[in-house]
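The following paragraphs lead from one residue to the protein as a whole and then to several further positions. Please keep the model in view while reading.

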Amino acid sequence: MSAFRIFACAICVAVATLIGIGRASAEDGHELWLRYRPVADAATAAYRQSASELVVTDNSPTIAVTQAELVKGLSAMLGKPLPVVSAVTQDGAIMLAVTGKAKVISDLRLPVAGLGNEGFVIRSATWQNHKVTVIAGNTDVGVLYGAFRYLRQIQTAQSTANLNISDKPRVQIRVLNHWDVLGRGSANSAGQSIWDWPKLPAWKDPLYTDYARANASIGINAVVPNQINADPVMLSPMYLRKLAALADVLRPYGIKMYLSVQVTSPMTVGGLKTADPLDPAVKKWWADKVSEIYTYIPDFGGLLVKADSEGEPGPQSYQRTQADGANVLADALKPHGGILFWRAFVYSNDPKWDRVKQAYDTFKPLDGKFRDNVIVQVKNGPLDFQPREPFSPLFGATPKTNIGMEVEVVKEYLGGATHLFYLGAYWEEVLQADTYAKGKGSTVASVIDGSVFKNKLTGFAGVANIGTDRDWCGSTFNQANWYSFGRLTWDPHASARAIAEDWAAMTFTPDKAFVGPVVDMMMASREADVDFMMPLGLHHQFATGHHYGPEPWGNTAGREDWNPVNYNRADKDGIGYDRTTATGTNYAGQYKPQVAAVFNDLKRIDDKDLLWFHHVSWDYKTKAGLPVWDDLVRHYDRGVGEVVAMEKIWAEMKPYVDTDRFAKTTVFLQMQEKEAKWWRDSSIAYFQSVSGRPLPEGIAPPEHSLDWYKELNTSLKVPVYPF
Ligand code: GCU
């Protein structure tokens with residue numbers, strides 16, 4: 001390029017900057033909600049007044065990353081480098097203070113006593129004749145969380161004057177489960193794995209640090225990096241070294257390393273003849289193996305196990321209980337302070353057994369039999385992360401067992417990467433559901449935060465939606481699911497709407513004209529997918545092979561536990577799965593009487609749960625006053641309309657969003673509309689063929705024949721957008 005052209009370009013850039021062109025410049029989403037863009041000019045002066053310098057007196061690795069984050073964030077947002085000093089020199093100092101190391105905490109009598117190991121106080125005060133803001137915690141990790149909270153205050157355009165914020169997590173272990181297969185592949189639509197196992201431990205990709213920062217900013221403090229259907233090689237010294245290197249990167253951010261293992265490891269790795277949990281050689285093998293892990297990772301968090309499920313072996317093979325299986329591992333972990341997550345996702349494909357009853361039937365009788373360092377990890381619903389499920393009846397059923405919740409942050413069944421589906425709204429519905437475990441108000445949130453049964457150990461797990469895409473999650477709005485998952489693990493009672501507001505402000509702009517409509521759109525997005533996929537309590541209607549797209553006719557020999565027809569039970573007379581106490585499988589009876597009474601009673605049950613619990617005739621009148629056939633069809637159609645409405649809202653947001661992220665979301669919404677029509681039309685075509693009913697007035701016939709949709713599915717071997 002000639003000198004003149006370079007000069008001319010420089011002028012163009014300068015002019016463009018002056019007149020504001022390029023303000024909405026291209027972004028790839030990699031910075032997530034930690035973008036730290038300059039605040040509005042009018043606000044800068046006030047923020048600068050309370051952020052003039054950073055006082056750091058400690059030098060732990062966690063304080064070092066806290067300092068780095070505050071310097072990065074505040075310098076960028078306030079347009080002025082933030083000096084780091086070792087003592088207060090001026091008004092507006094921000095002080096990092098750890099109990100026992102910083103005098104300011106006792107001088108100001110900051111209320112750190114009840115904060116535990118991870119809580120923090122942020123307090124504006126006068127100290128040594130200067131106006132200061134103290135970010136204090138009992139540990140340096142508490143201070144790190146406080147720093148992210150302080151940054152959020154500015155990112156969401158809140159004042160930093162007169163601060164008096166105090167917070168602590170309500171759940172102890174807040175964990176991401178990466179269902180990543182080795183060799184960088186990934187399961188369940190999360191893209192390619194971010195773990196570069198082939199190059200670890202030598203090469204620690206900087207991506208890991210950004211990953212840790214993002215997690216710490218939302219309170220996640222634990223990671224299981226490997227597949228739930230675990231590869232035994234992870235227990236080999238070679239992989240333990242890799243794991244240890246990763247743990248070193250995550251540690252300053254308060255994140256502990258866990259590992260998913262198979263119960264047959266004593267055989268596959270150890271060469272024993274059995275994996276019977278009560279066999280003394282097996283016990284010894286686990287104790288030795290766990291001790292070995294701790295030599296690599298002294299603060300190792302613990303293990304996660306999937307047993308007796310979908311081909312994964314388990315204690316049932318030795319006629320032992322799930323508690324027997326869990327306790328041998330719990331005992332091995334106990335001397336090291338380790339925790340065991342043992343999943344309740346146990347089921348067989350015996351067609352006589354209603355699959356949704358199996359976890360409760362298996363685990364309820366074992367209440368009190370698990371060691372105190374075991375958390376039984378229960379999926380939010382009894383089936384498998386469907387668009388809507390009633391909460392699992394195991395929540396509130398086991399007073400003497402630590403029960404943790406597992407959700408899918410990845411949208412395995414919910415449109416993969418593309419659909420705009422804000423899961424915060426979904427999880428809030430589950431968390432706010434009342435189990436009646438100890439009378440009214442015993443919500444699922446109160447069960448998993450330990451308050452209902454006074455559990456000493458609590459956990460909340462999410463299957464990660466993180467991969468090597470530049471924007472980590474495949475779409476900008478999927479980032480909201482990672483974000484809201486973290487925030488809800490910190491406080492399961494929090495409002496999904498308030499979390500979405502923070503996310504939208506931090507990820508795009510705090511301008512209310514943007515945040516308001518976008519958050520409304522996010523909150524409505526969940527019901528849109530329910531409507532066009534599986535309305536009125538339908539479930540498991542996706543293509544059996546790859547969990548993407550509709551297949552209500554799916555019926556593969558020998559897979560009764562997976563077949564959509566087994567779940568919709570539609571025939572010429574009616575539709576729905578009878579799980580009532582009187583005439584059905586009595587799944588409803590697994591709930592406390594107050595809950596069961598509602599689910600069992602056609603007069604009381606909400607339309608949204610209808611076909612989950614009842615088989616009704618096509619003429620049955622729903623609460624909407626329509627025959628169920630008409631109501632079903634209208635829901636499918638409404639779902640498409642809801643996606644179109646989202647497209648309209650998004651189009652109006654163009655002035656607030658950079659070009660690339662705007663364009664990607666626009667295209668994804670168009671794809672979602674096409675897929676919504678696919679779900680609607682193929683479902684209507686199938687149920688019409690079964691019921692023989694005419695289409696309700698005003699509903700257009702499906703675009704293609706049922707055979708066309710069947711043909712399409714046979715050609716889809718993997719989850720791909722087919723249009
Ligand atoms: C789903 C998912 C599997 C996963 C399983 C589980 O069925 O499709 O990939 O292994 O859940 O929760 O273990």
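In which helix does Asn 327 lie? The model is a predicted one, and in it Asn 327 belongs to helix 10, which covers residues 322-333. The relative accessibility of Asn 327 is 8%. Because a residue under 20% relative accessible area is called buried, Asn 327 counts as buried. Leaving aside residues up to four places away in sequence, Asn 327 touches Lys 369, Phe 370, Arg 371 and Val 374.

Helix 10 belongs to a protein that has 22 helices and 16 strands. The radius of gyration is 27 Å, close to the 27 Å that the globule rule gives for 723 residues, so the protein is as compact as a globular protein of that length. Taken along the principal axes, the box filled by the C-alpha atoms is roughly 80 × 70 × 55 Å. Of the 723 residues, 60% are buried. Contacts may also be sorted by separation along the sequence: among those between residues at least 6 apart, 72% join residues at least 24 apart.

The surface and the charges can be described next. The accessible surface of the protein comes to about 27300 Å², and carbon and sulfur atoms account for 55% of this area. There are 74 positive and 78 negative side chains in the protein. The centres of these two sets lie 5 Å apart.

The average pLDDT of the protein is 94, and 95% of the residues score at least 70. Over residues 1-24, however, the pLDDT is below 50. Beyond near neighbours in sequence, this stretch has five contacts in the model. Where pLDDT is low, the predicted coordinates should not be read in detail.

The loop between helix 16 (512-533) and helix 17 (564-568) holds Gly 549. Is Gly 549 buried or exposed? At 6% relative accessibility, Gly 549 counts as buried. What does Gly 549 touch, if residues up to four places away in sequence are not counted? Its contacts are with Gln 541, Phe 542, Ala 543, Trp 678 and Trp 679. Gly 549 also illustrates how distance in sequence and distance in space are separate quantities: Glu 675 is 126 residues from Gly 549 in sequence, yet their C-alpha atoms are 7.6 Å apart.

His 540 is found in the loop between helix 16 and helix 17 as well. His 540 has a positive phi of about 55° although it is not a glycine. Its relative accessible area is 2%, so His 540 is buried.

A positive phi is also found at Tyr 436, where the angle is about 60° although this residue is not a glycine. The loop that contains Tyr 436 runs between helix 12 (423-432) and helix 13 (444-448). Tyr 436 has a relative accessibility of 21% and therefore counts as partly exposed.

Which residues does the cis peptide bond with an omega of about 5° join? This bond joins Leu 200 and Pro 201. Pro 201 lies in the loop between strand 7 (173-177) and helix 6 (206-217).

How values were computed:
Residues are numbered from 1 along each chain as its sequence is written. Side-chain values use heavy atoms; hydrogens and water are left out. Helices (H or I, at least four residues) and strands (E, at least two) are DSSP runs, numbered from the N terminus. The radius of gyration is taken over C-alpha atoms; the globule rule is 2.2 Å times the number of residues to the power 0.38. Buried means under 20% relative accessible area, exposed over 50%, partly exposed in between (1.4 Å probe, protein chains only). Contact means heavy atoms within 4.5 Å. Accessible areas come from the Shrake-Rupley method with a 1.4 Å probe; for residues, only the protein chains shown count as cover. Lys and Arg count as positive and Asp and Glu as negative; His and the chain ends are not counted. The place of a charge is taken as NZ of Lys, CZ of Arg, CG of Asp or CD of Glu. pLDDT is the predictor's confidence in each residue, from 0 to 100.
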